[in-house]
Amino acid sequence: VTAAPDGFAEFVTARYAALVRHGVLLTGDHGLGEDLTQDALVKTHRAWSRLHPGGAPEAYTRQVMTRAAWRAGRRLWRRERPTVAVPDTAGSDPYDSLDTAAAVLAALRALPAQQRVVLVLRYWGGLSEREIAAELNCSVGTVKSRAGRGIAALRRPDGPLVALLG
Amino acid sequence: MSDRMKELLDRAAGEVRPREPDPVGAVLGRVRVARRRRIAGAAVAAVAACAVAVGAVVVGPALTGPAPDDPAATTPAPTGTPVTGPATVTVENGVVRAGGLRLPLPGWTVATGDQAICDTVDHTVFIDAAPVPGGPCNDPTPYITVRGVGADTMLRKGPPEVPQQLILAGGQPAFVERGMIGALDPGPDSESRLLVMRVPWSGVSITFSMPRGELRELVAAIRTEPLAPGPLVVPPGATRVTIAGSGTGMSVGTIVDPARIGELRAALTGIREQVPAGFECPRNLPRQLVTFQYPDPGTVVMVLVSAAAECGEATSSHGGRVKLPADLWAPLSAKVTR
């Protein structure tokens, strides 16, 4: 049986939920997001002697997740799951609050992986275009083009989030 | 724009709940698998290199086999598809697995044979076994029984009344005998309660006997695979369908016409809109029980329907949970039972 190195189990227990949220937004899918999180934590486990104590294991894990999700747009595209339908977002439905979250995830899922990753880092992570380019090891121009296309797709008149984005 | 986008992403992230009850165990399991792959890959490469060197092809099946110290390698993993027969119940790293259901019970004692309740230590989980009543003890010890039971057997032995429904984390349904669901309602945490939960789509029946507070925590900790329920699972070929009324189980209609049965099944299985994970209708909503019976003796599929305008949904004993539009069910049931 594999034993967890000192501090690793505590780190996973404390930060797992937050990392899964990051993973779900990066993929637009709950199952893939949790899968991405666990895969990244395997790499964190491998690098643990360098990350603990005194390192930044969460930042490392998030970067592994982000880069894996970014690469998915290039070589793992077959694992992408296109959205089938976007739920309605009618006002007085008791399911409304959960439907909004589902609609956002469905809209993210419908985007190409690289556009999705850039939008999540830009608007949820609050990173600048330069910081995103450094995180993804790409040019600022690439970040700008992916972000522009992603936003345009979400704001299309027939786009899934046009009503929510206003 | 930026603020609104962030707000929407925050809202989506806020609804996310991890589905893995034991993330440390899950990650360490992946670490073991990755390590085995690396070792096996290196060994295969070394063997292949030797084989090339001597001009022979050597195949080493043991090299790609599971590591002997890995409990995950010796216990079959549950499949993600609904089971129709009895589930094989296993315990691994403190988690009871049965079909697509996982119940984390870290620190519990595992018993695989019947034993007297008074000889049973606190917090024992019986696997395909049960405590035998009787003896000098007055205060029953908290225990759980987990038994693999085929869906058909479970439903045949099920209560004559419309059962009450419990939505497990992730959205799949479980069914509870009427009168027992109150064990999960607010009340004194120390009060001893009994709950019999049937999960036909996973081939397992679980009995909980313990204080109410602990019972609520354990039921909330149950996880399922497939994690998110899809459309209703109702196999074709039913020869008789009964629709029973809310609560009493009194039959309000029986259908034997294959065309009408097919129409009803197609309508139910054709609903694609899923109920969002985490949403549960009030437990006291009136529900109707639609029972599909098949030529194979004893084969039964149960669909539980709530047509209430404020919370319409349908679940199948073979898995699946969907939103039921308020204007679909009433005309459909009236039409097929005319």
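Predicted model: local features only at pLDDT ≥ 70, side-chain atom pairs only at ≥ 80, totals over all residues.
Entry 1: Axes are lines fitted to C-alpha atoms, for helices over the stretch in contact, and angles run from 0 to 180 degrees between N-to-C directions. I took helices (H or I, at least four residues) and strands (E, at least two) as DSSP runs, numbered from the N terminus.

**Entry 2: the open sheet.** In which order do the seven strands stand? I read β4-β6-β8-β12-β11-β10-β9 in chain B, with mixed pairing. The edge strands are β4 (109–111) and β9 (164–167) of chain B, and each pairs on one side only. Neighbouring strands of this sheet are turned by 25° against each other on average, direction ignored. Two strands pair if DSSP finds at least two bridges between them.

**Entry 3: pairs.** I found two bridges between β10 (173–176) and β11 (192–199) of chain B, which run antiparallel. B:Val176 stands opposite B:Met197 in β11(B). I then turned to β14 (240–244) and β16 (288–293) of chain B, which are antiparallel and joined by five bridges. B:Arg240 has B:Gln293 in β16(B) as its bridge partner. β16(B) also pairs with β17 (300–306) of chain B, antiparallel, over six bridges. There B:Leu289 is opposite B:Leu304 in β17(B).

**Entry 4: conventions.** Residues are numbered from 1 along each chain as its sequence is written, and chains are lettered from A and ligands numbered from 1 in the order in which they are written. Local features need pLDDT of at least 70, side-chain atom pairs count only at pLDDT 80 or more, totals for chains, interfaces and linings use all residues, and side-chain values use heavy atoms, with hydrogens and water left out.
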